Amino acid sequence: MSALRLTVNGGEHVLDVPVGTSLAQILRDELGLTGTKIACNEGHCGACTVQIDGVPQLSCITLAHAVEGEVTTIEGLREHPLVEAFVRADAVQCGYCTPGQVVSAAALVAANPQPTREEIRHAMAGNICRCGTYPKIEEAILSWQG
Amino acid sequence: MELLRPSSLEELDGGLLLHGGTEVVPLLREGLLETERLVDVRGVVPRGVDGAVIGAGTTLAELEVEPAIPDALREACRLAASPQLRSMGSLGGNLLQATRCWYWRLGYDCRLHGGDRCHARDGEHREHAIFANEFCASAHPSDVAAALVALGARVRTNQRELAVEELYRLPDEGNRSTTTLESGELLLEIELPPAGASVYLKAMDRKRWAFPQVGVAVARHEDGSPRIALAGVAPIPWRIEGVDDLDAATPLPRTEWKVPLARALVRRALAALA
Ligand SMILES: Cc1cc2nc3c(=O)[nH]c(=O)nc-3n(C[C@H](O)[C@H](O)[C@H](O)COP(=O)(O)OP(=O)(O)OC[C@H]3O[C@@H](n4cnc5c(N)ncnc54)[C@H](O)[C@@H]3O)c2cc1C
Ligand code: SF4
Ligand code: FES
Ligand code: FES
């Protein structure tokens, strides 16, 4: 066991967990923040995407003890207009990839409020959607400001 | 397992090095790497671009938008992996990434793992090598390494300075490693020589976010001659002198398709620089 201090969605947490535990495991199992999904658990799919200091990263292959910076999960983006935009555009089927999609999209529009289709495709390429909702996700991001 | 976070090179004392962890963490989880001591080297490896010198800790995301580096390197970074992985993964870690050969990743006791058989040669190998594939048929996955080899980049470690090309070796019976890295050796900086125009072209099985089927880097050097290096065609980044060298490829039955693909990309890259 090894002490760990984490800031998640503005709240501070002090935990004692073994080195090797992933950030995704901590979020889901220790903090109950189950909006962050684990699908491949090896860096391929993007379901586990969270922001660290505003930058999308993969929590399944991030060691919790190596995190430097503040973590933002989908729960911290509940009020983000993108959530509503995803609903409006019907950009959800099974929904498993959706939290990761919104987390990546939120970082994109923070840096670039009016991205082009090409910019969206480049920035969102790490979030796989098995249901194939890509065109609707693109629509949601293009229209996120309402 | 413990995690150390040294802040100076003097503090380094064995253990498994970790930078972004995009390779190390999955390999630990699969049991392909084992250690009692993880060493987070982010505190000791330089990060950022200073003239022709790039810190090995610079992320691929930082490099893909860096105007001061050659086009081939910027493009290789932009086309590598996914946005999240590029933000996490370092240049040094990218150069030292392990093969994506599925037999190796699934822990088969193959030659690269010290065994006496190459399962890919006899089995599924459509993503594998077309050069130097006699002992191990794996295909080197790094776009970035191919670009640096074409550019003639050098790497400074805590022990020596060498060409990026010399960082790699073909595995053989006596030594199964694909790199020449010594134990305790740390990549610190990459230095780029002056070069003219350069280009990186990459074929993938989908439009974005995939390993190279074939990657082609070409850089024009000061004397006007182009230097060509390929990703995805041999167990290490592979240099050829010209398109005709592809006639000497030794593809496996299901990697033959890579030869005309490589030929077309090399021609296209040379034409782009003409
Ligand atoms: C799913 C996936 C897809 C990918 N797709 C591509 C692709 O298309 N093209 C491509 O080029 N790459 C690709 N990559 C590779 C990716 O770019 C690398 O995993 C990443 O750059 C490694 O950097 P890191 O800092 O995370 O390395 P780590 O995982 O921290 O380390 C990787 C290796 O390097 C060693 N190491 C790290 N830093 C140093 C150092 N400074 N000195 C000495 N040893 C060091 C570690 O001990 C380890 O052996 C992909 C990776 C994944 C996981
Ligand atoms: S190609 Fe190399 S890594 Fe893959 S099975 Fe053969 S020896 Fe092992
Ligand atoms: S669960 Fe992390 S990338 Fe798939
Ligand atoms: S909505 Fe099902 S995976 Fe994306």
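Which helices of chain B each supply at least two residues of the shell around ligand 2?

Analyst: This is a predicted model, in which local features need pLDDT of at least 70 and side-chain atom pairs count only at pLDDT 80 or more, while totals for chains, interfaces and linings use all residues. Residues are numbered from 1 along each chain as its sequence is written, chains are lettered from A and ligands numbered from 1 in the order in which they are written, and side-chain values use heavy atoms, with hydrogens and water left out.

The helices are H6 and H7 of chain B, each of which supplies at least two residues of the shell around ligand 2. Helices are DSSP runs of H or I with at least four residues, strands are runs of E with at least two, and both are numbered from the N terminus. There are 13 residues around ligand 2, and B:Cys101, B:Cys110, B:Cys118, B:Cys136 and B:Ala137 come nearest; a residue counts as near if one of its heavy atoms lies within 4 Å of the molecule. By class, the shell has nine nonpolar, three polar and one charged residues. Here Ala, Val, Leu, Ile, Met, Phe, Trp, Tyr, Cys and Pro are nonpolar, Asp, Glu, Lys and Arg are charged, and the others, Gly among them, are polar.

Ligand 2 sits in the largest cavity, in the sense that more than half of its atoms lie within 2 Å of the cavity's grid points. A cavity is found on a 1 Å grid over the protein atoms alone, as a set of points where a 1.4 Å probe fits but cannot get out, and its lining residues have an atom within 4 Å of a point. The volume of the largest cavity is about 80 Å³, a volume being the space filled by probe spheres set on the points, which are joined across faces, edges and corners.

Its lining has 15 residues, with B:Cys101, B:Cys110, B:Leu112, B:Cys118 and B:Cys136 nearest the centre. Helix H6 (102–105) and helix H7 (119–122) of chain B each give at least two residues to this lining too. Nine of the lining residues are nonpolar, four polar and two charged.

Across the whole structure, two cavities of 30 Å³ or more are found.

Elsewhere in chain B, three strands form an open parallel sheet in the order E1-E3-E2; two strands pair if DSSP finds at least two bridges between them. Strands E1 (2–4) and E2 (16–18) of chain B are at the edges with a single partner strand each, so one side of each has no neighbour in the sheet. Three bridges join E1(B) to E3(B), residues 37–40, and B:Glu2 stands opposite B:Arg37. E2(B) and E3(B) are likewise joined by three bridges, with B:Leu16 opposite B:Leu38.

Technical notes: 1 Å grid on protein atoms, 1.4 Å probe; cavity = no way out; pocket = protein on both sides within 12 Å on 5 of 7 lines; lining within 4 Å.
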